[in-house]
Amino acid sequence: MIYKEFGNTGKKVSVLGFGAMRLPMLEENEKKIVNEELAIPLMQQAFDMGINYIDTAPLYCETLSEIAVGKALKGYRDKIYLSTKNPIEDNDGDHWMGRLEKSLKKLDTDYIDFYHFWGISLKSFEGWQGLKYGPLEAAQKAKEQGLIKHISFSYHDAPENYKKIIDSGLFETTLVQYNMLDRSNEENIAYAKSKGLGVVVMGPVGGGRLGAPSEQIQELLKNKPASTAEMAMRFVLANDNVDIALSGMSDLNMLKENFAVASRTGHLTDEELQHVNKMMEENKNHARLYCTGCNYCKPCPQKIDIAYLFEIMNRYKVYGLKEHAKSAYYEMMKGWSWIKSEDASKCTACGACEEKCPQKLPIIKQLAETHATLA
């Protein structure tokens with residue numbers, strides 16, 4: 001395993017982090033629970049292999065991830081850096097501290113190494129300024145008491161708002177999305193690194209999108225990688241500004257594959273990286289010919305999220321992620337997706353969307369094509 005200096009924290013971390021968001025589950029009394037007989041040995045195997053950073057959160061795995069992680073850490077606690085998150089449901093510092101104490105209890109530990117303000121936005125961050133005893137003050141107090149070692153934040157807000165949070169000087173590490181399909185935080189990652197923050201990337205394989213087979217992506221290199229997931233992981237780890245690629249792993253095969261990729265040096269040469277960047281940019285431009293995602297077509301009278309459906313279609317047509325695209329469309333049709341949309345067959349050809357589309361795309365025709373291809 002390769003290790004890197006984690007910003008200015010003084011810690012050395014494995015470049016592969018264990019994400020405890022997708023632990024193996026089972027059903028018991030009509031409820032989903034963590035399959036601890038599989039999950040705990042899996043995490044401990046990762047520790048034994050040299051992974052020394054694990055990330056969880058209060059709501060992961062039906063709220064049971066923290067408990068399972070706490071059990072896996074028995075006998076390993078002084079060797080592993082533990083990360084979890086505070087959902088910050090209000091601006092009350094005492095409530096913030098109460099959520100921290102609940103996590104400490106579930107994890108059965110005295111302290112958390114990297115404690116994240118979970119998914120903060122610039123608007124919420126600015127709303128915490130000047131409070132008598134808000135989340136920021138509570139975090140400083142918790143650090144003084146030794147309950148947390150480092151104050152961190154995870155981020156899903158607009159990329160342009162990111163640097164203002166970094167410039168506050170309050171945070172020591174950051175967790176952001178970054179992968180071959182979503183490079184919107186590439187500049188932010190470099191900025192955070194330049195300011196001495198430890199940088200953790202979530203979604204290196206696009207939340208599973210890049211785990212699906214894609215000949216187009218695998219063939220970006222002359223020496224074709226064994227899988228699309230390998231290509232995606234190598235791309236992220238080739239970025240010198242990334243300290244940890246956080247991967248949600250639910251079985252031993254995933255662990256071994258990710259470990260093998262993360263343990264190699266020289267993930268992509270400069271020439272390979274330039275080639276990949278060029279080809280992905282061309283793919284992105286190709287995707288824009290289909291839809292730019294501007295959302296001017298909203299709202300659809302039939303409650304079809306046109307931009308999202310075309311994004312799924314782009315994954316199929318442009319990136320060759322056919323298996324994933326069909327699965328994503330099926331989940332949306334079943335109402336299982338976090339994006340709520342009617343399927344494309346519900347289009348009545350009213351034409352309202354085409355009148356508003358700045359690209360003048362034949363949306364009605366493309367919706368029919370989307371449903372015929374993916375349904």
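**Briefing on a predicted barrel model**

Asn 29 sits in the loop that links β4 (25–28) to β5 (31–34), where helices (H or I, at least four residues) and strands (E, at least two) are DSSP runs numbered from the N terminus. The model is predicted, so local features need pLDDT of at least 70 and side-chain atom pairs count only at pLDDT 80 or more, while totals for chains, interfaces and linings use all residues. Residues are numbered from 1 along each chain as its sequence is written, and side-chain values use heavy atoms, with hydrogens and water left out.

**Backbone features in loops**

- Most residues other than glycine have a negative phi, and most peptide bonds are trans.
- Asn 29, a residue other than glycine, has a positive phi near 55 degrees, and its relative accessible area of 71% makes it exposed (buried means under 20% relative accessible area, exposed over 50%, and partly exposed in between, with a 1.4 Å probe and protein chains only).
- Glu 30, found in the loop between β4 and β5, also has a positive phi, near 65 degrees, and with a relative accessible area of 79% Glu 30 is exposed.
- Pro 299 lies in the loop between α12 (270–290) and α13, and the peptide bond that leads from Lys 298 to Pro 299 is cis, with omega near -5 degrees.

**The barrel and the helices packed on it**

- Eight strands close into a barrel with parallel pairing, in the order β3-β6-β7-β8-β9-β10-β11-β12, where two strands pair if DSSP finds at least two bridges between them.
- From one strand to the next, the twist averages 30 degrees; axes are lines fitted to C-alpha atoms, for helices over the stretch in contact, and angles run from 0 to 180 degrees between N-to-C directions.
- Strand β3 (residues 16–19) pairs with strand β12 (residues 244–248) in the parallel sense over four bridges, and Phe 18 stands opposite Ser 247 in β12.
- Helix α4 packs on the sheet, where it touches β7 (81–86), β8 (112–120) and β9 (148–155), and its direction makes about 130 degrees with that of β8; contact means heavy atoms within 4.5 Å.
- Helix α6 (residues 135–144) lies across β8 and β9 and runs at about 145 degrees to β9.

**Ser 103 in helix α4**

- Ser 103 belongs to helix α4 (residues 93–107) and is buried, because its relative accessible area is 2%.
- Once neighbours within four places in sequence are left aside, Ser 103 is in contact with Pro 58, Glu 66, Thr 84, Lys 85 and Ile 112.

- Helix α13 (residues 306–317) packs against helix α16 (residues 363–374) at an angle of about 55 degrees, with the axes 10 Å apart.
- This angle makes α13 oblique to α16, since angles under 35 degrees count as roughly parallel, over 145 as roughly antiparallel, 65 to 115 as roughly perpendicular and the rest as oblique.
- On the α13 side the residues that meet α16 include Ile 306, Leu 309, Phe 310 and Met 313, and among their counterparts in α16 are Ile 363, Leu 367, Thr 370 and Leu 374.
- By class, the contact of α13 with α16 has nine nonpolar, three polar and two charged residues, where Ala, Val, Leu, Ile, Met, Phe, Trp, Tyr, Cys and Pro count as nonpolar, Asp, Glu, Lys and Arg as charged, and the others, Gly among them, as polar.
- His 324, in helix α14 (residues 322–334), counts as buried at 15% relative accessibility, and its C-alpha atom is separated by 8.7 Å from that of Ile 312, twelve residues apart along the chain.
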